Amino acid sequence: MVVLGIESSCDETSIAILKDGELKANLISSQDFHKLYGGVVPELSSRAHIQRLQPLIKGALQKAELEKSDIDVITATAGPGLIGALLTGFIYGKHLAYALDKPFIPVNHIEGHIFSGFLMEEKPEYPFLALVVSGGHTMLVIVNSETEMKILGSTIDDAVGEAFDKVAKMLGLPYPGGPSIQKAADRGNEDAYKLPISETAGRYDFSYSGLKTAVLRLINKIKPTDGELDDQTKFDIAASFQRAAVEALLRKTKKALNAFPVKTLCLTGGVAANKMLREGIQKLGEKNSVKVVIPAFEYCGDNAAMIALRGEMLYNAGESFPDEFEPFPEFYSKYLVTD
Ligand code: KG4
Ligand code: ZN
């Protein structure tokens with residue numbers, strides 16, 4: 001079976017092809033020009049997706065040595081994401097499916113991230129605990145099977161990736177903020193400033209607005225009135241922020257591991273590229289004697305391989321959608337539910 005995956009929820013246009021469960025292509029075109037604006041400009045993102053979708057589909061088919069007519073199932077991200085961006089890939093996929101007379105499966109982007117560990121050779125074992133950390137979401141999810149997931153907690157304000165992006169902007173570091181903060185933090189002292197580690201008492205939810213505000217207050221307090229922060233101060237703030245942000249994730253994950261007997265701990269989403277977090281999760285898993293699965297970098301950030309994989313799972317589970325189904329920013333499947 002050949003599955004085509006389309007991802008266009010934010011600033012990555014990505015096309016993937018799975019053939020009999022094997023990933024044959026996963027092309028990712030990042031819209032780097034958003035750097036000029038310090039963040040994603042939705043209208044420009046949609047336009048870039050429209051320009052890039054067709055050549056990427058052609059390129060992916062070429063790479064996989066397949067023809068359009070070989071495609072059996074088409075899958076695309078239906079949400080969450082920027083509505084204009086979602087519409088481009090979704091409508092493209094839906095119409096391609098119509099033209100080829102093949103089934104079309106809408107996929108929840110977060111579910112794509114949750115199951116991205118299955119793209120690795122060493123696969124997660126059920127039940128597993130997924131820590132999903134991206135620009136739009138921070139979530140702890142217990143995954144019992146392909147069709148049974150329970151959200152333990154999620155962000156009540158800013159997502160962790162969003163906090164990295166906003167703090168980078170405050171420090172004048174380039175977008176996307178995650179990699180910039182990590183790079184700056186490598187040269188800084190994480191003990192330089194004491195920043196709050198968020199605690200949502202007794203719950204598994206996350207909050208990052210307090211930490212973000214604490215960084216802003218700190219910058220305002222120490223910034224010279226007639227100038228900029230010096231580089232070393234920026235590195236120290238980045239390191240102190242990174243530690244507080246990562247520590248909050250590790251504490252909640254530890255709490256969940258203690259409360260739920262799982263076989264695997266999975267770290268997924270764009271922020272899973274963070275070195276300190278990867279190391280922390282690895283150690284946590286080892287301490288709790290659970291297997292740890294962290295996808296390779298190309299499957300952490302937004303990619304269509306995870307969408308094709310999740311779409312294939314849903315297709316095999318007998319999922320189907322009415323022709324008039326549309327993508328929307330808060331699209332959730334019936335499988336990913338809160339208690
Ligand atoms: O999953 P993703 O590609 O897109 C969304 O679904 O949001 O995640 C993007 C987020 C951005 O906020 C980016 O700053 C963050 O992932 N990120 C990182 C790192 N690399 C990317 N955050 C921390 N450390 C990194 N190395
Ligand atoms: Zn994502």
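**View 1. Thr 13 pairs with Ser 29 of strand S3 across a bridge.** Strand S2 (residues 12-19) and strand S3 (residues 22-30) run antiparallel, joined by eight bridges. Strands pair when DSSP finds at least two bridges between them. Strands (E, at least two residues) and helices (H or I, at least four) are DSSP runs, numbered from the N terminus. The model is predicted: local features need pLDDT of at least 70, and side-chain atom pairs count only at pLDDT 80 or more. Residues are numbered from 1 along each chain, and ligands from 1 in the order in which they are written.

**View 2. S1 (residues 2-7) runs antiparallel to S2.** Six bridges join them. Val 3 has Leu 18 as its bridge partner in S2. Seven of the eight residues of S2 are buried, so the rest of the structure largely encloses this strand. Buried means under 20% relative accessible area (1.4 Å probe, protein chains only).

**View 3. Three residues donate to the zinc ion (ligand 2).** His 109 (NE2), His 113 (NE2) and Asp 302 (OD) lie 2.1 Å from the zinc ion. Donors are N, O and S atoms within 2.8 Å of the metal (3.2 Å for Na, K and Ca); water is not among the atoms, so sites may look incomplete. The spacing along the chain is H-x3-H-x188-D. His 113 sits in helix H3 (residues 109-114) and Asp 302 in the loop between helices H9 (297-300) and H10 (304-316), so the pair ties together parts 189 residues apart in sequence. Both His 113 and Asp 302 are buried.

How values were computed
Heavy atoms only, no water. Buried < 20%, exposed > 50% of the residue type's maximum accessible area, 1.4 Å probe, protein only.
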